[in-house]
Amino acid sequence: MPKFAANLSMLYPELDFLDRFAAAAQDGFKAVEYLFPYAYESREIAARLKAHGLQQVLFNAPPGDWDAGERGLACLPGREAEFRAGIVKALDYAAALDCPRVHVMAGLLPAGTERATLRSTYVSQLRWAALEAAKQGVDVLIEPINTRDIPGFYLNRQDDAHQVLAEVGASNLKVQMDLYHCQIVEGDLAMKMRQYLPTGHVGHVQIAGVPQRHEPDLGELNYPYLFSVLDELGYTGWVGCEYRPQAGMQAGGTSAGLGWLKPYL
């Protein structure tokens with residue numbers, strides 16, 4: 001039976017971030033993930049995790065200037081020092097929160113730049129990040145993201161992500177397989193899962209309904225079947241619930257939309 005982690009960047013949006021931990025625990029979640037912790041002291045977050053019996057299973061390394069539209073630095077020549085400082089900061093938070101994995105966003109293709117010209121920077125930066133993370137037993141994750149949600153994102157396909165892993169050659173570099181993004185770009189999800197999960201190179205799975213990124217029981221995907229495929233393949237990692245509740249900011253809307261989760265609690 002899959003284990004589900006609440007994504008606190010998207011779920012419970014009507015609550016202040018630090019209050020979302022209690023809401024997730026009350027709804028039966030045993031673990032949480034989110035985009036970025038850096039607006040808060042790590043001890044504040046650690047206290048919420050402890051108070052509500054939650055595991056921290058994933059967060060992102062600093063992405064550059066998010067508010068200005070940046071979506072990662074790993075593939076960008078000339079940003080190496082900033083990227084590496086961000087990895088150090090992320091690993092400090094990972095240690096404080098006892099978090100075993102950090103997602104490193106690839107970044108956007110600069111205007112007029114060919115994808116191939118960024119490959120050496122991307123591979124080199126990931127190799128450095130994986131080496132640093134390995135010193136404290138942390139996995140580094142890379143995620144293919146669809147270009148409808150993030151136009152110009154460097155990494156879009158599962159096969160390319162696994163090729164990057166082969167090029168980097170670090171055992172703690174893994175793929176974050178978001179079934180929402182994968183469906184939009186590639187489809188054929190069950191076969192993609194059967195292809196990649198047995199390799200041991202998928203470190204985390206995420207879900208959302210397609211096409212509107214609402215609850216997984218809304219839209220075109222048959223998630224009960226896909227969850228059964230996870231079980232069939234022996235996947236024992238976490239499944240991150242990275243979706244936007246259909247009820248939006250309505251009080252209690254996230255909880256009201258969790259009927260899909262109840263069979264798995």
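Which residues lie nearest the centre of the largest pocket? In this predicted model, the residues nearest that centre are L35, W66, I150, R213 and E242, which belong to a lining of 22 residues. Residues are numbered from 1 along each chain as its sequence is written, and because the model is predicted, local features need pLDDT of at least 70 and side-chain atom pairs count only at pLDDT 80 or more, whereas totals for chains, interfaces and linings use all residues. Side-chain values use heavy atoms, with hydrogens and water left out.

The chain has nine helices and eight strands, where helices (H or I, at least four residues) and strands (E, at least two) are DSSP runs numbered from the N terminus. The radius of gyration of the chain is 18 Å, close to the 18 Å that the globule rule gives for 265 residues, so the chain is as compact as a globular protein of that length; this radius is taken over C-alpha atoms, and the rule is 2.2 Å times the number of residues to the power 0.38. Along the principal axes, the C-alpha atoms fill a box of roughly 45 × 40 × 35 Å. Buried residues make up 53% of the 265 residues, with buried meaning under 20% relative accessible area, exposed over 50%, and partly exposed in between (1.4 Å probe, protein chains only). The accessible surface of the chain comes to about 11200 Å², and 50% of this belongs to carbon and sulfur atoms, as given by the Shrake-Rupley method with a 1.4 Å probe. Among contacts (heavy atoms within 4.5 Å) between residues at least 6 apart in sequence, 77% join residues at least 24 apart.

Pockets and cavities were both defined on a 1 Å grid over the protein atoms alone: a cavity is a set of points where a 1.4 Å probe fits but cannot get out, a pocket is an open set with protein on both sides within 12 Å along at least five of seven lines, and lining residues have an atom within 4 Å of a point. Grid points are joined across faces, edges and corners, and a volume is the space filled by probe spheres set on the points. The largest pocket holds about 280 Å³ of space, and its lining divides into eight nonpolar, seven polar and seven charged residues. In this classification Ala, Val, Leu, Ile, Met, Phe, Trp, Tyr, Cys and Pro count as nonpolar, Asp, Glu, Lys and Arg as charged, and the others, Gly among them, as polar.

The second largest pocket has a volume of about 160 Å³, and its lining comprises four nonpolar, five polar and three charged residues. Among the residues of that lining are R101, D139 and K174. D139 lies in strand 5 (residues 139-142) and counts as buried at 17% relative accessibility. Leaving aside residues up to four places away in sequence, D139 touches P100, R101, V102, N172 and K174.

Two cavities of 30 Å³ or more were counted. The largest cavity, with a volume of about 40 Å³, is lined by I87, A90, L91, V102, V104, A129, A133 and V140, a lining with eight nonpolar, no polar and no charged residues. Helix 3 (80-97) and helix 4 (119-134) each supply at least two residues of this lining, and the largest share, three residues, comes from helix 3. The second largest cavity holds about 30 Å³; its lining has seven nonpolar, one polar and no charged residues, including F83, V104 and M105.
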